[in-house]
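Subject: Structure for your review

Dear colleague,

Please find below the structure that I am handing over to you.

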Amino acid sequence: MIECPSCGRKHRPGTLFCSECGVYLPTGGPLRTEPLPEEELPISRANPWASEPVEETGEAPRVLLHIKVLSTGRQIQMPPAPEVHIGRLDAAHGIFPDLDLTPDGGLDGGASRRHCKIHQRGSTYMVEDVGSANGTFLNGQRLTPYLPHVLNDGETLQLGRIELEAIIQ
C-alpha cells in the first residue's frame with residue numbers, strides 16, 4: 001500500500017493521486033504546475049496576425065489528428081471532436097483532459113492541468129493556450145493565451161518542456 005504523505009490515506013500500488021487530498025503520490029509534491037525558469041523556454045512570441053484564414057464549411061472534416069510525444073515516442077489519435085483538451089489528469093478536481101501528459105512526465109515537465117486546446121474548423125486545426133503556467137509554443141514561438149493559431153502537419157508544440165508533434169492525415 002502507498003500512504004499519502006499529506007493526509008495519510010492508504011492507496012493501492014500504482015495510484016497516482018490521493019483520492020482524499022489530491023496530492024501527486026509518486027513525488028508527494030504539489031498538484032499545481034511549477035513555473036519553469038524563463039531561460040529554459042523559447043523567447044520569441046508568435047505573431048497573432050500571421051495565422052492563415054480558416055474556411056468554415058458545413059461538411060464533416062475528413063482529416064485526423066495524431067499527437068506524438070517526442071520524448072517517449074507515444075502516439076495518440078485524438079478523438080474526432082470539435083475541441084480537444086491537452087494537460088494533466090487531476091481526478092480530485094474533476095480535470096480529465098483528452099490527452100493526459102502525466103505518463104509522459106507532464107508534472108515535472110511543466111505541463112498544466114489545463115494547458116491548451118485544439119479546435120477543429122472544417123479540415124483545419126487551431127491550437128490555443130488556455131492560460132497555462134509555462135506557456136504553449138508553436139514551432140518555438142510562444143502563443144498569446146486564448147488566441148488560436150493554425151496548426152499544420154509536422155509542426156511542433158511545446159507545453160512547458162514537453163514537446164509534441166502534430167500529425168494531420
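Two strands are said to pair if DSSP finds at least two bridges between them. Please note that the model is a predicted one.

Strand β3 (residues 65-69) is joined by five bridges to strand β13 (residues 162-168), and the two run antiparallel. Within this pairing, leucine 65 stands opposite isoleucine 168 of β13, while isoleucine 67 has alanine 166 of β13 as its bridge partner. Strand β3 is also joined to strand β4 (residues 75-77), here by three bridges and again in an antiparallel manner. In β4, glutamine 77 stands opposite histidine 66. The hairpin formed by β3 and β4 has five residues between the strands, and in it glycine 73 adopts a positive phi near 80°.

These pairings belong to a wider arrangement. As a general point, strands of a sheet pair through backbone hydrogen bonds, either parallel or antiparallel.

How enclosed is strand β3 by the rest of the structure? Four of its five residues are buried, and β3 is therefore largely enclosed. For this step, buried means under 20% relative accessible area.

The largest nonpolar core comprises 23 residues, of which Leu65, Leu101, Ile118, Val127, Leu151, Leu157 and Leu164 touch the most other members. Two or more residues are given to this core by each of β3, β5 (83-87), β7 (114-121), β8 (124-129), β12 (156-159) and β13. Which element provides the largest share? That is β13, with four residues. Leucine 164 has contacts that include Ile67, Lys68, Val69, Leu70 and Leu101, as well as Glu155, Thr156, Leu157 and Leu159, leaving aside residues up to four places away in sequence.

Glycine 14 lies in the loop between β2 (10-11) and β3. Is glycine 14 buried or exposed? Its relative accessibility is 65%, so glycine 14 counts as exposed, the cut-off being over 50%. Glycine 14 and leucine 25 are separated by 11 residues in sequence, and their C-alpha atoms are 9.0 Å apart in space.

Conventions: Residues are numbered from 1 along each chain as its sequence is written. This is a predicted model: local features need pLDDT of at least 70, side-chain atom pairs count only at pLDDT 80 or more; totals for chains, interfaces and linings use all residues. Side-chain values use heavy atoms; hydrogens and water are left out. Buried means under 20% relative accessible area, exposed over 50%, partly exposed in between (1.4 Å probe, protein chains only). A nonpolar core is a set of buried Ala, Val, Leu, Ile, Met, Phe, Trp, Tyr and Cys residues joined through side-chain atoms within 4.5 Å. Contact means heavy atoms within 4.5 Å.
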